[in-house]
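Let us walk through this structure together, one stop at a time. Have the sequence and the 3D view open as you read.

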Amino acid sequence: MNILLELFVVTFRVLWAFVLAAAKWLVRPKEKSVAGQVCLITGAGSGLGRLFALEFARRRALLVLWDINTQSNEETAGMVRHIYREMAEAAAAAAAPRVGGDGEKDALPHCNLQVYTYTCDVGKRENVYSTAERVRKEVGEVSVLVNNAGVVSGHHLLECPDELIERTMMVNCHAHFWTTKAFLPKMLEMNHGHIVTVASSLGLFSTAGVEDYCASKFGAVGFHESLSHELKAAEKDGIKTTLVCPYLVDTGMFRGCRIRKEIEPFLPPLKPEYCVKQAMRAILTDQPMICTPRLMYMVTFMKSILPFEAVVCMYRFLGADKCMYPFIAQRKQATNNNEAKNGI
């Protein structure tokens, strides 16, 4: 094809992509069904992982929950089973009056909904692969993979032990490679699946004091984007990807983090429930990326076009340049208190 003609076609497709994106703002796309599909969530024992599990349970997905903490993972599973029971009872009550009619045809699928729990340290490659093999044998192939597990060290770079830096990189970034390598082959074979990367706004722009966390989240974002392009290049359009980049979420992970007090009322930490509901809407409508709140899109864009010194000025005005320092100080105090209690 003549390069000028091809350039014209590409320009048209780019403009058409803008039109489609604008249309989705005006007309909400229909959410797809995940009923009966196997959904695996890492870090399901607490925080966003637990909320993702509950949301997928309400949509009748068959859940596989991974967490390093067995007790908290089982607590999440108990909540999921409660939702399953409520749905089964509601479906049975709704179908009862239709006996002899089309009740069997109209009844919602509520049978065989189960939740499986596995204690897995996603920071250890062998543990990921062995647990993934157990999942395939005991549950089946995974259709929806939610890479959610994450940790933060809470130390300044020069005060952070190398072991904690490695741990942060392993859990927040490397684990995404291992879980994806474990479950992507079958998705490619079936040309069906969905891979969700729960990253962070700190994977798009950074701040001081959390170098290891930012690096791990930048790595997760880069991995996700490259994987998305690879799937497109392979023309595997049946496999969807969604990148989730929320602002600071009020889960306690960054307790003490503060921006400028005059700005804070306009940009408070996100409620976990709101964050997950927004992410679920993006996942179920096959949205490639979701930043919450939408202001994060603007911050990312400005960081890309402004001179570095201009970005520094904005950070200082917002109080974002040292926003993590109170959090780090609290973590250090807590560590000192624990050492004192243990007589170290």
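**A guided walk**

D286 lies in the loop between α8 (272-284) and β7; here helices (H or I, at least four residues) and strands (E, at least two) are DSSP runs, numbered from the N terminus. This is a predicted model, in which local features need pLDDT of at least 70, side-chain atom pairs count only at pLDDT 80 or more, and totals for chains, interfaces and linings use all residues. Residues are numbered from 1 along each chain as its sequence is written, and side-chain values use heavy atoms, with hydrogens and water left out.

Stay with D286 for a moment. Its phi is near 60 degrees, a positive value in a residue other than glycine. At 28% relative accessibility, D286 counts as partly exposed, a class between buried (under 20% relative accessible area) and exposed (over 50%), using a 1.4 Å probe and protein chains only. E235 also has a positive phi, of about 60 degrees, although it is not a glycine. You will find E235 in the loop between α7 (211-233) and β6 (239-246), and with a relative accessible area of 65% it is exposed. Most residues other than glycine have a negative phi, and most peptide bonds are trans. The peptide bond from T292 to P293, however, is cis, with omega near -5 degrees. P293 sits in the loop between β7 (289-292) and α9 (295-305).

Now go to helix α1, residues 3-26. Its 24 residues should span 34 Å at 1.5 Å a residue, and the end C-alpha atoms are 35 Å apart, which agrees; the expected span is 1.5 Å times one less than the number of residues.

Next, look inside. In soluble globular proteins, nonpolar side chains tend to be buried together. A nonpolar core is a set of buried Ala, Val, Leu, Ile, Met, Phe, Trp, Tyr and Cys residues joined through side-chain atoms within 4.5 Å. The largest one has 63 residues, of which I41, F52, F56, L63, F254 and M324 touch the most other members. A second, separate core of 27 residues includes V64, A175, F223 and L227. Returning to L63, its contacts (heavy atoms within 4.5 Å) include C39, V80, Y84 and Q114, not counting residues up to four places away in sequence.
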